[in-house]
Amino acid sequence: MTAETASSAKMQTRDVVVSYGGKPAVRNVSLLLPEHQVTALIGPSGCGKSTYLRALNRMNELIPGAEVKGEVLLDGENIYRSLDAVDVRRRVGMVFQKSNPFPKSIFENVAYGLRVGGLRDKAELAERVERSLRSAAIWEEVKDRLDESALGLSGGQQQRLCIARALAVEPEVVLMDEPASALDPIATAKIEDLIHELKERYTIVIVTHNMQQAARVSDQTAFFYMGELVEVGPTEKIFTNPSEKRTEDYVTGKFG
């Protein structure tokens, strides 16, 4: 790893170990997450992808018995030492596998993080909510029903609303944990199109079980197996000419 490649990384992990109750779920993962690129984390269920993802914004701290060792750097700063957890989660947003809108209006779902952050000005709130909904490619579908409950939206719309909610606080990195796994093909395509657009402004890390999806949306792919990072590289290389036999077996469907 050259100093130049390290400097182009928005985030970087060095020898990260995540344990639950003393048992390692992720072991010694060192990985660069380049700015304005999509990094896909692939691998069979239970291989540590989501655990690693949660280490990138200190979400593991919310799980009793979880412990993180090693370094997680955001713009060169160790997020576990130099930064406040609330600040980390504002700068590194998260979109979960199952859309989880609050039982509030569409508007209040997006405004929630802004209000928590102290924004009170009604005009600015409205402007930031609209901008976020536009960024998440859902404004045209909801602009006339902002006061209606978010729970009345379809699954795909709810997931884009949750992306808008994550974008509203203006993060620098967006983590996505299987954001389309519960969606139909049309809604999935909308989420994938959105990811392409968002990487112009954000650094994105996505966990996916769907290999075709990883191939479609990501610039870099990291293959995890049994809690270890087996191989990482440009997505095309990982899928067409991987260096490791285990990677080849996985992407060609021999196991998984």
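# A working chat on sheet, helices and cores

Student: Start with the open sheet. Which strands form it, and in what order?

Tutor: Four strands form it, in the order E2-E1-E4-E5, with antiparallel pairing. Strands (E, at least two residues) and helices (H or I, at least four) are DSSP runs numbered from the N terminus. Two strands pair if DSSP finds at least two bridges between them.

Student: And what are we looking at, with which limits?

Tutor: This is a predicted model, in which local features need pLDDT of at least 70 and side-chain atom pairs count only at pLDDT 80 or more, while totals for chains, interfaces and linings use all residues. Residues are numbered from 1 along each chain as its sequence is written, and side-chain values use heavy atoms, with hydrogens and water left out.

Student: How many bridges join E4 to E5?

Tutor: Two, between antiparallel strands; E4 covers residues 66–74. Leu73 stands opposite Asn78 in E5.

Student: How many bridges join E1 to E2?

Tutor: Eight, and the two strands run antiparallel. Met11 has Leu33 in E2 as its bridge partner. E1 and E2 form a hairpin with two residues between them. Gly21, in the turn, has a positive phi of about 55°.

Student: What about E1 and E4?

Tutor: They pair over eight bridges, in the antiparallel sense. Arg14 has Glu71 in E4 as its bridge partner.

Student: How much of E1 is buried?

Tutor: Strand E1 (residues 9–20) is mostly covered, with nine of its twelve residues buried. Buried means under 20% relative accessible area, exposed means over 50%, and partly exposed lies in between (1.4 Å probe, protein chains only).

Student: Helices now. At what angle do H4 and H5 pack?

Tutor: Helix H4 (residues 106–116) and helix H5 (residues 122–135) pack at about 115°, with their axes 9 Å apart. Axes are lines fitted to C-alpha atoms, for helices over the stretch in contact, and angles run from 0 to 180 degrees between N-to-C directions.

Student: Left-handed or right-handed crossing?

Tutor: The crossing of H4 and H5 is right-handed. A crossing is left-handed if the near helix is turned anticlockwise from the far one by less than a right angle, and right-handed if clockwise.

Student: Which residues make the contact?

Tutor: From H4, Phe107, Val110, Ala111, Leu114 and Arg115. From H5, Leu125, Ala126, Arg128, Val129, Ser132 and Leu133. Contact means heavy atoms within 4.5 Å.

Student: Which buried residues does H4 have, and what covers them?

Tutor: Ile106, Phe107, Asn109, Val110, Ala111 and Leu114. Their cover includes H5, helix H6 (139–142) and H7. Just after H4, Gly118 takes a positive phi of about 100°.

Student: How many residues are in the largest nonpolar core?

Tutor: 46. Leu133, Ile163, Met176, Ile195, Leu198 and Ile204 have the most contacts inside it. Such a core is a set of buried Ala, Val, Leu, Ile, Met, Phe, Trp, Tyr and Cys residues joined through side-chain atoms within 4.5 Å. Helix H7 (residues 155–168) gives the most to this core, with six residues.

Student: What is Ile163 in contact with?

Tutor: Val95, Ala136, Met176, Ile191, Leu194 and Leu198, leaving aside neighbours within four places in sequence. A second, separate core has 26 residues, including Val18, Leu33, Leu56 and Phe224.

Student: Cys162: where is it found? Buried or exposed?

Tutor: Cys162 is in helix H7. Cys162 is buried, because its relative accessible area is 5%. Not counting residues up to four places away in sequence, Cys162 touches Val95, Ser99, Asn100 and Pro101.

Student: New topic. How many bridges do E9 and E10 pair over?

Tutor: Six, in the antiparallel sense, between E9 (residues 220–225) and E10 (residues 228–234). Tyr225 stands opposite Glu228 in E10. Their hairpin has two residues between the strands, and Met226 takes a positive phi near 50°.

Student: Why does Gln220 count as buried?

Tutor: Because its relative accessibility is 13%. Gln220 lies in strand E9. Beyond four places in sequence, Gln220 touches residues including Leu33, Pro34, Thr39 and Val232.

Student: And why does Thr39 count as buried?

Tutor: Because its relative accessibility is 0%. Thr39 sits in strand E3 (residues 38–42). Leaving aside neighbours within four places in sequence, its contacts are Leu33, Pro34, Ile204, Val205, Ile206, Ser218 and Gln220.
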